[in-house]
Amino acid sequence: MSELTIKPALELLRMLRQRSLSAVELAGEHIREIERLDPSLHAFSHFDPERLLLAAKDADSRIAGAATPLLGLPMTVKASIATSGYRCELGSLLNQGSVATEDAVVVQRMKAAGATILGTTNCSEFLMAYETDNLLYGKTANPWNLAHSAGGSSGGEAAAIASGLSAGGIGSDSGGSVRLPAHFTGICSFKPTPGRLPSRGHLPPGGGPFSLLGSVGPMARTMTDVSFFFEVLSGRDVLDPAGTPLVFRKMADAELRTKPIAVLEDDGLVPVTEETRAAVRSAARALKSRGFAVETFHSASLEAARRLWWAFFIRCGRMLLEPLIRGREEQLSSTFRYFLEAARSEPILSGDELLEAWTDSDVVRSKLLEELAPYAALITPVSSIPAFRHGEREWIVEGRRLEYFNAMRFTQWFNLLGAPAASVPVGRSGDGLPIGVQVAARPYEDESVLKIATLLDEDFGYVAPPMAVLVG
């Protein structure tokens, strides 16, 4: 593994500014690593080295300044976020060959800030799975163990960043899709409050309930990099109905210590692995050693939030996608078929049920806001389990059967709430796989989440996957 390409993005940017490294040299090193490792990882859906080198040459001809904070940095974009001239197929044969003709707003901002685009990364079909495996580009493997999943739906982003194929990038998240892959692969990610980062140009568009559930979010090897990407790329898109006029603000540690940190090891309904519980406890101890008050969190609203998320993401998601797949089901991947089976196990969501769920969501969200109000942030697992083997859909944990969607419930709560949440690597499983913890807070308290997650990342942080696994 290249010692250069696994450096933090901010360190690479410092080297580029000081001219101790050229953008062309950095691009070339990434190209070599992608050509060496991606045949095993399947992280990329569209990689164009010639186009990258042209962009890098242009970056070397420009002078870094306040308007170009990402100048020369090689970054990636999830293949559901329009990037002009790159395939934007949503991991589906039904969209095979579809090429974006213009950039999503967040990609426009990346390019305006000077980033060079490495390519687009593999995702779950129609973004409806916690595993990235489709009939276009295959299974995205976890760089810690190729027999295990890199997660979904932003699994290609996570695998590329974890293995040093990308300095950082942008994914999207309506149910954990940047946080689960980060947890599985040992990197950092952040799902902002909807509207803090522009999502216009994401496919499918985040309309209806998905304007609350979903947001695009940065992914990188360190939380400092994630925070920097958020600061550079955030800001209101005046054509986004969910857009907010809030601007990024830096927070001092002392400001956060006016409230305690809440901790939740499990919700009392599903089991978590021993190592997952240990990671949450380690995070709590680390924050306590930094002078934070730490308290156990109790909630009566989490299961109601999850049921409403299910109504919107699974049942309403089915309604939105059925017209696109009708008569073409033989072209669908097994991961998407699993989503369909779950969605079709219940009746079609009626108009009355949808209206009732929409009304109930405001009641439940209000209760969650009240429960979270006394705390600066909440620490939870990201998932009940570390990265699973490709194709697995149930496990025995603490002597109990655990099903796929239930195992991932910890992220789903904060999509229903429309709240910011980050994933930070903290622990390891018994067989050496990364385990992250989730840091979440109330809507629009994004900077609090980023700051606390950064402190945890300083105490634990990114470790490069073993070279032997990557080439094995």
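A residue is called buried when its relative accessible area is under 20%, exposed when it is over 50%, and partly exposed in between (1.4 Å probe, protein chains only). Helices (H or I, at least four residues) and strands (E, at least two) are DSSP runs, numbered from the N terminus. This is a predicted model, in which local features need pLDDT of at least 70 and side-chain atom pairs count only at pLDDT 80 or more, while totals for chains, interfaces and linings use all residues. Residues are numbered from 1 along each chain as its sequence is written, and side-chain values use heavy atoms, leaving out hydrogens and water.

Start with strand 13, residues 377-381, where five of five residues are buried. Two strands pair if DSSP finds at least two bridges between them. Strand 13 pairs in the parallel sense with strand 11 (residues 261-263) over three bridges, and Leu378 is the bridge partner of Ala262. With strand 17 (residues 434-440), strand 13 pairs in the antiparallel sense over four bridges; here Pro381 has Val437 as its bridge partner.

Now turn to helix 13, residues 351-372. Its buried residues are Ala357, Ser361, Val364, Leu368, Glu371 and Leu372. The face turned away from the buried side carries the exposed residues Asp352, Leu355 and Glu370.

What covers the buried residues of helix 13? Strand 13 is included, along with helix 11 (302-325) and helix 15 (409-417), where contact means heavy atoms within 4.5 Å.

Terms used. The expected span of a helix is 1.5 Å times one less than its number of residues.
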